[in-house]
Amino acid sequence: MGFSLKIEYVALILNSVLFFFYYEKNMQLNFKKKCFIACMVLSIVSILVNIASVVFLGKLSDDWMVFLNSAYYVFIMLNASVIAFFLFTLMFEHAPKRSCSRIAYGIIGFWLSVVVVLTMANLWTGCLFTVKGGIYTRGYLNSVGYAGVGVELFLLVACFFRNRKYINTSLKKLVKILPVAVAILIVIQMLNRNIMMNGMISAMANEILFIIRQSSLLEQDAMTGLGNRTAFIGDLTRRIARAEHFQYISINLWEFMAVNREFGHSGGNEFIYYIGKYLQETFEEGRAYRIGGVEFALLMPYLSDSYARNCREELYGRFRRDWEIPEGTHAIKATICDVFYRGGMLEVAQLVEQMEYVQAMMRPTGDTMMLHFDEEIGQQIERRKYVISCIKDAIEKESFLVYYQPIYCWHDQEFCSAEALLRLKDRNGKMISPGEFIPLAEEAGLIDQVSWIVLEKICAFLKNHQKLNFKVVSINVSMQQLLEYDFVEKVERCLARYGIAPGQ
């Protein structure tokens, strides 16, 4: 019987390119990466053994050909079993019930054992194949490997439907594509027995695994399967460009370190995963994202105020209940806030800024909190931006005002010292309260520049008003200044420029 190896050569090239593209010398190998690399390596080895068993047929002794073909049977089934094991591992990663996984792994091990036993028995029975006089003949159990692959595919589909609510989106796509594609190739192989296609079947499985993994990584959070920050910004941009009406909900978990301390980081990751699955399954009309370590976002269609309020309240109610993983339960608190977009000239950065401001307003108080972005909060954000711009203008023009509150010395019967008080006017000449602009200067990282300008003004004042005979003028120093390595030297240089004694 003549065999065509053309497709096997193509499969060998595909697997080799995939392996060298994926594998890096110093890459960090976790369990998933090791499984995927094992799938590719076994595919390459099984194809090479298959090619050798065909090329050397009639050129080597019958004993050597029996050895090569026996090795091929074991390698190709081992390859199929490792691919199936990898798929089941991904599928059961977050499933709470492990009985289905034990059945799946048991069946994989069973079929692999059957092939090994049949391969050994084939030496005496010829049930799989025989090689006599350089002629290869299939045995009556030659297709048992295909039967094993068929059972694994059936089991994959069955377990998928049983555990589909725990499976992420990218794996759902894979399970929908892979069994059908493999089944079609097996049927083609069975109808064309002289064409070697087993390597192409494994190559196609590896290609689909690789494509699904790579494409999902671009805009998908690896842990939860939700969209990542890139996907979130992209979707937000498209919705605004289309002038869609939607609800943007932000969920920030807090005090999550307590979860990691109790359950370890792996347990913490499980909680993150289940929170992500809850968001994905509960709010199917929209899309959920994990945009940070403990930050999630939801983009929901805006249908009505009552619909949007129900979405908020559903989240609020859920985070007031404990979360459960197989290792135990824990209360996870969150700050939840939302904003409506009903069209307009608002940009993505502005919308995200609004939500970040609202989240910053919500200081954790010991329980889950909820806040809706309304017109009043919008005015606060605009006021904040305006005051920060006034601070920047004052820094550029050095237009801060310093008032001096004199301190009367009863013993000397005169004003002997003063406290420097920083003041700022807005663009209309109205005073901005220090209680408003100083915290904003600290928050915006501008307080350091402001403080050095104030020191210059005070030194100039003391030099120009020596007749006041102030012994001391007290001045506030920012934390940022104190953290500078040359703080003392900068103060000394400023005093020296104006001839001011350090004691003043």
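Begin by selecting helix α12, residues 375-397, in this predicted model. Its buried residues are Ile377, Gly378, Ile381, Arg384, Val387, Ile388, Ser389, Cys390, Ile391, Ala394 and Ile395. Colouring these residues apart from the rest of the helix shows where α12 is covered by the protein.

Keep α12 in view and consider its length. The helix has 23 residues, and the span from its first C-alpha to its last is 33 Å, close to the 33 Å expected at 1.5 Å a residue. Next, select Glu398, which lies just after α12 and takes a positive phi of about 50°.

Now zoom out to the whole protein chain. Along the principal axes, the C-alpha atoms fill a box of roughly 125 × 55 × 45 Å. The radius of gyration of the chain is 35 Å, whereas a compact globule of 504 residues would have a value near 23 Å. Of the 504 residues, 48% count as buried. Among contacts between residues at least 6 apart in sequence, 70% join residues at least 24 apart.

Switch to a surface display. The accessible surface of the chain comes to about 26,100 Å², and 59% of this area belongs to carbon and sulfur atoms. On this surface, select Tyr9, Val55, Phe56, Leu60, Trp64 and Phe67, which make a nonpolar patch of about 590 Å². One of these residues, Val55, lies in helix α2, residues 31-55. Val55 is classed as partly exposed because its relative accessible area is 32%, a value that lies between the limits of 20% and 50%.

Return to a cartoon display and select Tyr146, in helix α5, residues 144-163. Is Tyr146 buried or exposed? Tyr146 counts as buried because its relative accessibility is 17%, and the cut-off for burial is under 20%. Show the side chains around this residue: apart from neighbours within four places in sequence, Tyr146 is in contact with Ile186, Gln189, Met190 and Asn198. Tyr146 and Ala80 are 66 residues apart in sequence, and their C-alpha atoms are 9.8 Å apart in space.

The last stop is Asn260, which has its place in helix α9, residues 257-282. With a relative accessibility of 15%, Asn260 also counts as buried. Which residues does Asn260 touch, not counting those up to four places away in sequence? Select His265 and Gly268 to display these contacts of Asn260.

How values were computed. Residues are numbered from 1 along each chain as its sequence is written. This is a predicted model: local features need pLDDT of at least 70, side-chain atom pairs count only at pLDDT 80 or more; totals for chains, interfaces and linings use all residues. Side-chain values use heavy atoms; hydrogens and water are left out. Helices (H or I, at least four residues) and strands (E, at least two) are DSSP runs, numbered from the N terminus. The expected span of a helix is 1.5 Å times one less than its number of residues. Buried means under 20% relative accessible area, exposed over 50%, partly exposed in between (1.4 Å probe, protein chains only). Patches are made of residues with over 30% relative accessible area and no salt bridge: like charges are joined within 9 Å, nonpolar side chains (Val, Leu, Ile, Met, Phe, Trp, Tyr) within 5 Å. Accessible areas come from the Shrake-Rupley method with a 1.4 Å probe; for residues, only the protein chains shown count as cover. A salt bridge is a side-chain nitrogen of Lys or Arg within 4 Å of a carboxyl oxygen of Asp or Glu. The radius of gyration is taken over C-alpha atoms; the globule rule is 2.2 Å times the number of residues to the power 0.38. Contact means heavy atoms within 4.5 Å.
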